[in-house]
Amino acid sequence: MDRSAQRDCKNGRVIDARNSRRHSSPPQRPAVNDHTLVDAEADDVPAAEPTHVTGRRALAYLGLCLVLIGLNLRTVFSSFSAVLPEVAADAGLPGWAVVVLTTVPVTLLGVFAPLAPVLARRFGAERVLLGAMAVLTAGLLLRPAEIAGAGHLPVLFAGTAACGAGIALCNVLLPGLVKRDFPHRLGLMGGLYTTAICASAALGAGFTYPVFSATGQWTSALWFWAVPAAVVLLLFLPVAVRQRHGQHKAVRDGVNVWRSAVAWQVTIFMVLQAMMSFSVFAWLAPILRERGVDGGTAGLIVSVSIVLQMLGSLFAPALAARFRDQRVINTVVALMTGGGFALSIFGPLELIWVWTGLLGLGQGSLTAVALTMIMLRTRDGHTAAHLSGMMQGVGYGLGSTGTLLVGQLHQGTGSFAAAGLLFLAVGTLAAVFGHRAGRDRFIGG
């Protein structure tokens with residue numbers, strides 16, 4: 001599973017990579033359940049030690065910190081889109097700047113993610129996670145600031161880039177820490193932190209505009225989200241500082257996923273779903289507002305759509321894992337997502353809750369089954385961890401083109417109609433590659 005999206009709200013199902021390496025005879029088909037995690041430290045030798053805590057109360061405190069970190073990992077995306085018209089008007093943003101600001105954080109998820117295991121090997125996962133939260137907090141504080149004579153644009157760019165880098169590192173390291181420190185509570189902790197990530201997107205969409213309405217300032221609405229990030233940073237500080245860290249090195253085992261046709265089919269399936277997924281975070285609220293929906297209602301609609309993603313992600317992986325062949329479910333949820341996105345643009349406004357509900361259910365299911373393909377198309381956890389890294393780098397790197405294309409099409413045509421046609425095409429392509437990825441085969445034969 002992709003090391004980033006695997007920690008996403010849309011799916012808490014991951015695979016136990018480190019444990020599988022210790023067995024000489026891997027199972028023919030890995031189990032898919034809520035009690036497994038893909039470990040970002042699967043290649044570490046010797047294996048990293050658990051976080052140093054003493055007693056159940058300290059362990060509960062650590063668990064709370066990890067869940068609260070997850071609660072800060074998606075507000076960057078949904079909060080900006082909730083007040084995008086106000087930001088663009090007040091800061092005088094040109095169209096190209098809006099496109100870049102909605103694209104950069106997603107692109108950086110793929111760019112910085114490969115650095116996380118390297119940094120964790122050198123400094124320790126806890127301290128890197130602390131540093132990532134510090135970068136995220138700094139980015140959230142910097143993003144709405146203004147430079148005399150230069151305006152908001154330079155710091156918007158710098159703050160947004162810092163947020164993307166910090167989130168990328170957190171995305172990779174958080175699930176591995178959950179797995180390593182809570183081996184007997186993986187179902188509970190995995191569910192809590194993935195739900196927290198999902199909730200963060202819904203909170204950003206639902207509360208940013210009300211804060212703007214109360215203060216009259218979009219800067220205050222964006223600065224608001226630096227407060228919970230700073231609180232979590234302070235809470236996690238003593239845990240990270242106390243942690244002992246030994247030197248580790250990396251080993252490379254298993255199939256070369258970059259040379260596997262099956263791995264590329266699964267990865268492209270992931271790219272196409274990421275194009276739609278992050279475009280929803282970035283553009284669904286502006287789409288609704290351009291159609292005449294007021295800011296508060298638009299935020300609420302996006303929040304409900306995100307909550308429905310949780311419902312789709314809850315049931316879709318279990319359904320997919322019941323069969324040896326996932327072609328049908330992959331095709332259906334891809335078409336649901338592309339169709340729901342297009343209907344949110346073209347469909348009758350009176351039924352907008354229906355269209356966005358369809359989009360939410362489809363998107364949550366699509367992301368979840370795309371991630372589940374990692375488990376179902378690999379024979380061992382080590383190969384799954386390497387496929388996860390491939391999908392993360394390629395998936396988020398190319399998946400960010402979705403937000404870029406939507407912005408460029410809107411800038412060029414003056415409406416979101418072309419974007420609706422785009423995602424009909426993207427949804428169709430996702431159905432094609434999902435159909436191919438869903439065939440009962442393994443990477444490496």
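L203 sits in helix α9, which spans residues 186-215. In this predicted model, L203 is partly exposed, with a relative accessible area of 30%. Together with L71 and F207, L203 forms a nonpolar patch on the surface. The points below cover that patch, the nonpolar core and the aromatic pairs.

**Surface patch**
- The patch made of L71, L203 and F207 has about 230 Å² of accessible area in total.
- L203 counts as partly exposed because its relative accessible area of 30% falls between the 20% limit for buried and the 50% limit for exposed.

**Nonpolar core**
- The largest nonpolar core comprises 119 residues.
- Helix α12, residues 261-290, gives the most to this core, contributing 18 residues.
- L66, I69 and F236 are the residues with the most contacts inside the core.
- Beyond its neighbours within four places in sequence, L66 is in contact with L129, L174, L177, V178, F182 and F236.
- In soluble globular proteins, nonpolar side chains tend to be buried together.

**Aromatic pairs: F278 and F281**
- There are 10 aromatic pairs in the structure.
- One of them joins F278 and F281, whose ring centres are 5.7 Å apart and whose planes meet at 70 degrees, so the pair is edge-to-face.
- The threshold for edge-to-face is an angle over 60 degrees.
- F278 and F281 are 3 residues apart in helix α12, so about one helical turn separates them.
- F278 counts as buried, with a relative accessibility of 3%, and F281 counts as buried at 2%.
- F278 and F281 also belong to one aromatic cluster with F77 and Y396.

**Aromatic pairs: F341 and F423**
- The ring centres of F341 and F423 lie 4.5 Å apart with their planes at 5 degrees, so this pair is stacked.
- F341 is in helix α14 (residues 327-346) and F423 is in helix α18 (residues 417-437), so the pair ties together parts that are 82 residues apart in sequence.
- F341 is buried, at 0% relative accessibility.
- F423 is likewise buried, with a relative accessibility of 0%.

Note on methods:
Residues are numbered from 1 along each chain as its sequence is written. This is a predicted model: local features need pLDDT of at least 70, side-chain atom pairs count only at pLDDT 80 or more; totals for chains, interfaces and linings use all residues. Side-chain values use heavy atoms; hydrogens and water are left out. A nonpolar core is a set of buried Ala, Val, Leu, Ile, Met, Phe, Trp, Tyr and Cys residues joined through side-chain atoms within 4.5 Å. Buried means under 20% relative accessible area, exposed over 50%, partly exposed in between (1.4 Å probe, protein chains only). Helices (H or I, at least four residues) and strands (E, at least two) are DSSP runs, numbered from the N terminus. Contact means heavy atoms within 4.5 Å. Patches are made of residues with over 30% relative accessible area and no salt bridge: like charges are joined within 9 Å, nonpolar side chains (Val, Leu, Ile, Met, Phe, Trp, Tyr) within 5 Å. Accessible areas come from the Shrake-Rupley method with a 1.4 Å probe; for residues, only the protein chains shown count as cover. A salt bridge is a side-chain nitrogen of Lys or Arg within 4 Å of a carboxyl oxygen of Asp or Glu. Rings of Phe, Tyr and Trp (its six-membered ring) pair if their centres lie within 6.5 Å; planes under 30 degrees apart count as stacked, over 60 as edge-to-face and the rest as tilted.
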